[in-house]
Amino acid sequence: MKSTCTAVAITITLFTSLSMADSLTGLGCDGDCTRDGQVNVDDLLSIIGSWGQNGCDVDGNGVTGVDELLRVLNEWNATCHPFLQDHQGLDVEFDYDAGFAIVTTTGLAEHEMGPFDGSTGCFNPNTPTNQNRTLRIPLTPTPTDSPGVIVLDTLGPIGVWYNGVAFYNPYDGGSTEAPGNICMDPYNGHPSPDGSYHYHQYSPVPGDDGTKHSPIVGYAYDGYPVYGPWDGPGVLAAVSSNPLDGCNGHFDEIRGYHYHSISYDMGVEYGLPGEGFPWIIGCYRGEPEQSNFGGGGGGGGGGGG
């Protein structure tokens, strides 16, 4: 028994430095046997306790065994979502049976919002306020060519950033493209008339500097992840050899289908068609969860360019 424990300990040491390898979206861990949003010793004990029985089942054979053990070790100490940890009012729980990550958020950013008083050239009469949102993000997106929601016709939130802030479609209320025409703060956000602080474009993410593929920066309401602007070292997704579709997404073998986002300023800097339009997403490639709609919105709300 001593040699077995030693082998397990060595294996854990070897795997702790590895990142999640199985998840195509970064949302949910297969090794989260206890379904608490993390993979740790509790999941290892669950594996041991149900060994050879119908317990934690990763490979679908109905028996807990080596595949499940390796998955737990590979995801060891992983938090099974990319949302910001310890941000006030932001929490993520998993309902694996229903197939959703449940995100509760104030909709307020961890960074400074504004100022919108005109002191820096941006005036907006609205003030960011607590939106008290509960969102359901599908763990497994359902691909469709005919989603029940048309992004470019939708006012209000169409997805959520990793810090709990909503993102909207490219337009400010009506037909005006918000990026480049409506003033934003240094993080590319502003509040709508109902106090909903939001982005219409990529908001800078620490460390996303073009030296590698961008990280996940948020999720559309169809469950597909949104990444930053980079498809690889020095390569913008917008001009990569793996072209983006009309929804602003594409497929690769590591991440599956996913969207990319970019800022208006980057679009101008790199001479992109339409300055990078639609900046985040132009349509849903999966069926969006309908319970996320129906509140908050209007446009970005007032404020000159």
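Pro143 touches Tyr224, Arg285 and Gly286, residues up to four places away in sequence not being counted; a contact here means heavy atoms within 4.5 Å. Pro143 and Tyr224 lie 81 residues apart in sequence, and their C-alpha atoms are 9.5 Å apart in space. Pro143 itself sits in the loop between E3 and strand E4 (159-161). It counts as exposed because its relative accessible area is 60%, where exposed means over 50%, buried under 20%, and partly exposed in between (1.4 Å probe, protein chains only).

The model is predicted: local features need pLDDT of at least 70, side-chain atom pairs count only at pLDDT 80 or more, and totals for chains, interfaces and linings use all residues. Residues are numbered from 1 along each chain as its sequence is written, and side-chain values use heavy atoms, with hydrogens and water left out.

Strands of a sheet pair through backbone hydrogen bonds, either parallel or antiparallel. Two strands are taken as paired if DSSP finds at least two bridges between them. Strand E2 (residues 100-105) is joined to E3 by six bridges, and the two run antiparallel. Within this arrangement, Ile102 stands opposite Arg136 in E3.

The protein as a whole has four helices and 13 strands, taken as DSSP runs numbered from the N terminus (helices H or I, at least four residues; strands E, at least two). Of its 305 residues, 51% count as buried. Among contacts with a separation of 6 or more, 64% are between residues 24 or more positions apart.

Confidence is given by pLDDT, the predictor's score for each residue from 0 to 100. The protein averages 88, and 89% of the residues score at least 70. Over residues 1-22 pLDDT stays under 50, and the model has 20 contacts beyond four places in sequence for them. Residues 296-305 also stay under 50, with 51 such contacts.
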